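Visitor: Hi! I'm new to this one, could you walk me through it?
Guide: Happy to, let's bring it up.

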2 protein chains.
Amino acid sequence: MPSITEIRNAVVPISSDISNAYIDFSAMTASVVAVISDVYRNGKPLVGYGFNSNGRYAPHGLLAERFIPRLKQADMGGVIEPELAWEAMMVNEKPGGHGERSVAVGVLDMALWDLAAKIADVPLYQLIADRWRNGTVDNSIFVYAAGGYYYPGKGEGELQKELQSYRDRGYRVCKIKIGADLEQDLARIEAALEVLGDGRNLAVDANGRFNLETAIAYAEALKPYNLFWYEEAGDPLDFALQSELAKVYPHSMATGENLFSHQDARNLLRYGNMRADRDWLQVDCALSYGLVEYKRFVDLLPEYGFSVKNCIPHGGHQMSLNIAAGLGLGGNESYPDVFAPFGGFADGCAVEDSMVGLHSCPGVGFEEKSNLISVMRSATETQ
Amino acid sequence: MPSITEIRNAVVPISSDISNAYIDFSAMTASVVAVISDVYRNGKPLVGYGFNSNGRYAPHGLLAERFIPRLKQADMGGVIEPELAWEAMMVNEKPGGHGERSVAVGVLDMALWDLAAKIADVPLYQLIADRWRNGTVDNSIFVYAAGGYYYPGKGEGELQKELQSYRDRGYRVCKIKIGADLEQDLARIEAALEVLGDGRNLAVDANGRFNLETAIAYAEALKPYNLFWYEEAGDPLDFALQSELAKVYPHSMATGENLFSHQDARNLLRYGNMRADRDWLQVDCALSYGLVEYKRFVDLLPEYGFSVKNCIPHGGHQMSLNIAAGLGLGGNESYPDVFAPFGGFADGCAVEDSMVGLHSCPGVGFEEKSNLISVMRSATETQ
């Protein structure tokens with residue numbers, strides 16, 4: 001009868017001097033939680049770990065005030081069951097207004113899945129596949145290198161060096177930020193393509209900065225390159241802008257990292273004019289109530305003509321890699337150089353031609369990523 | 001050169017044994033903040049107070065972790081200017097994902113407007129009217145009595161007594177909860193109408209509980225009563241449900257209390273098939289980034305065929321009463337008996353035929369509501 005004995009809640013800085021077109025990351029933080037069970041293996045209690053994805057701040061107070069107390073009181077009938085935990089955590093929460101609390105629940109959901117897979121003694125992707133996909137696992141997952149941030153004094157030469165280093169580490173497809181200035185961004189794109197070759201190896205990300213007029217001006221300028229994708233041109237909730245943009249931009253687009261519930265993501269599917277034959281959905285479970293909610297989103301896709309293959313989640317973390325492998329998503333983001341140690345995958349898994357393999361330890365795979373597990377253990381004072 | 005010297009952040013319980021169709025309020029909390037200035041009047045520093053509206057929890061951690069530190073560091077150039085403060089509080093916050101932080105900013109925005117009006121030595125509604133409406137103030141505001149909650153053992157007799165007591169206090173229009181069970185709810189409605197008379201004196205609120213099928217079943221059953229409104233039938237982000245419902249329900253509907261940004265509210269206007277000649281928009285500034293953001297929402301209305309007269313905010317607090325008077329909204333909610341002391345208006349302002357008058361002291365009017373100002377002063381240890 002496994003049960004939770006303790007939950008620890010810590011904050012670690014992931015500050016950086018990088019910036020995108022919308023925010024700088026100089027004060028960014030992440031929550032780390034440890035959900036400790038009464039299941040012992042090799043003389044130690046099994047512990048599930050979770051953290052929040054980048055771009056949103058550590059939801060420390062929300063975890064402490066509402067979600068950890070509710071999870072501690074949850075009656076899961078002697079199993080560690082993330083779906084039951086989710087209902088317990090969300091009791092007496094009103095519908096709508098999905099933000100911040102969605103991050104807090106996402107952190108705990110990650111830890112619960114990690115723990116559930118450790119108790120089952122299987123990697124999380126296997127648990128997911130067994131539960132929802134007749135056991136089928138994709139053993140090699142498409143990943144692209146997300147970087148190309150703006151930082152003070154960074155010129156095109158430095159951008160090229162950065163992209164070359166992603167190339168050297170096996171990434172075919174790379175992503176850079178746009179949105180500061182069209183002329184400057186086109187020079188950056190030209191410089192990037194000198195390293196990456198074909199436009200299909202380059203994605204660009206505006207981080208929701210543009211109004212419709214600017215979004216279209218960029219679309220016209222980007223069109224000749226046939227890029228891998230043009231990401232989050234406008235405000236993430238401005239589905240009308242996304243829809244209008246699809247009328248003038250014939251190539252791939254991507255959005256969804258700032259939609260934090262299946263209801264919000266459904267509105268993108270309903271109103272955003274996203275095209276299943278070329279566009280990408282980037283909902284990130286770690287910002288949006290975790291895998292329990294992400295599964296609700298995935299289950300909506302067929303009704304709107306999409307499939308799991310349209311999904312390449314934001315966040316570059318191992319949780320989404322497990323989901324990609326277990327549910328058969330189109331791929332996953334990767335941050336080779338930023339948001340360390342939360343970005344990146346198991347130590348032994350090298351990227352080749354933008355494909356990465358999977359860990360073999362039970363759980364999310366944190367124990368095979370030495371820099372991450374050591375930070376999580378030390379932040380939560382667990383072993 | 002007014003400036004902020006200190007900001008205090010407290011939490012008070014507003015727990016109650018009431019429930020709506022979605023949540024119970026047994027663990028509900030509210031934040032209270034005091035923004036203390038270096039402007040002295042009668043030997044004391046002017047203090048602006050703010051609190052969060054009901055239905056969402058005290059955003060204590062968010063206030064302490066991000067929004068109060070940013071506000072303390074804000075450079076407003078020697079004035080207390082809520083619009084500049086807003087920009088400072090929202091720096092390095094990504095777009096989308098509007099929830100929780102919208103409540104935290106709403107609490108501080110309320111305190112900043114209270115303080116700005118006190119420094120200007122005018123009631124807040126006058127400051128609002130001077131800024132945005134050529135000084136015109138509506139001196140009498142429509143209010144309805146929101147109550148009719150479910151609580152253990154409450155029968156139709158108790159419901160009638162409750163409604164009669166609202167009647168005795170001057171409310172013509174009252175609101176009750178629905179959503180537990182159609183047959184039971186129809187009995188409650190019949191009982192309510194015995195007290196209230198005409199269907200136009202009764203609003204019903206489902207709190208986002210229904211799927212489309214249930215929403216339509218209720219619509220068909222409610223149709224003969226021609227009620228004041230049928231509120232939040234489905235999930236607040238399910239604009240398609242709202243739109244479908246408008247095709248079968250010919251009378252007034254209301255929604256919007258769980259839309260926490262102008263972008264979310266704009267999607268209701270774009271996709272919800274709301275009808276300007278009969279429907280009501282309930283966006284509550286105290287849950288959704290405050291008056292600075294609410295004004296952005298109000299400014300969108302004409303583009304979609306609506307006006308300020310379509311707005312009757314959720315929350316029953318003095319902040320929205322000031323906005324209603326200063327901008328000329330259609331009215332405001334009122335909680336005569338619940339969420340005390342945060343609900344309700346100035347002590348001397350009796351309700352007559354569902355209309356209420358205004359306070360005359362500078363600011364939001366807290367100093368003329370004795371039970372509220374004493375809680376806020378004691379929670380924040382201010383005078």
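Visitor: In chain B, in what order do the strands of the three-stranded open sheet stand?
Guide: The order is 1-2-3, with antiparallel pairing; strands pair if DSSP finds at least two bridges between them. Strands (E, at least two residues) and helices (H or I, at least four) are DSSP runs numbered from the N terminus. This is a predicted model, where local features need pLDDT of at least 70 and side-chain atom pairs count only at pLDDT 80 or more, while totals for chains, interfaces and linings use all residues. Residues are numbered from 1 along each chain as its sequence is written, and chains are lettered from A and ligands numbered from 1 in the order in which they are written.

Visitor: Which strands of chain B stand at the edges?
Guide: Strand 1 (4-13) and strand 3 do; each has a single partner strand, so one side of each lacks a neighbour in the sheet.

Visitor: And how many bridges join strand 2 and strand 3 of chain B?
Guide: Seven, in the antiparallel sense. Across that pairing, B:I36 stands opposite B:V47. Two residues lie between the strands in this hairpin, and B:N42 takes a positive phi near 55 degrees.

Visitor: Is strand 3 of chain B mostly covered or uncovered?
Guide: Mostly covered: six of the eight residues in strand 3 (44-51) of chain B are buried, meaning 20 or more other C-beta atoms, placed from the backbone, lie within 10 Å of a residue's own.

Visitor: New topic: how many residues does each chain give to the contact?
Guide: Chain A gives 38 and chain B gives 39, with contact meaning C-beta atoms, placed from the backbone, within 7 Å. On the chain A side, helix 1 of chain A supplies the largest share, six residues.

Key
Two residues are in contact if their C-beta atoms, placed from the backbone, lie within 7 Å. A residue is buried if 20 or more other C-beta atoms lie within 10 Å of its own, exposed if 12 or fewer, and partly exposed in between; C-beta atoms are placed from the backbone.
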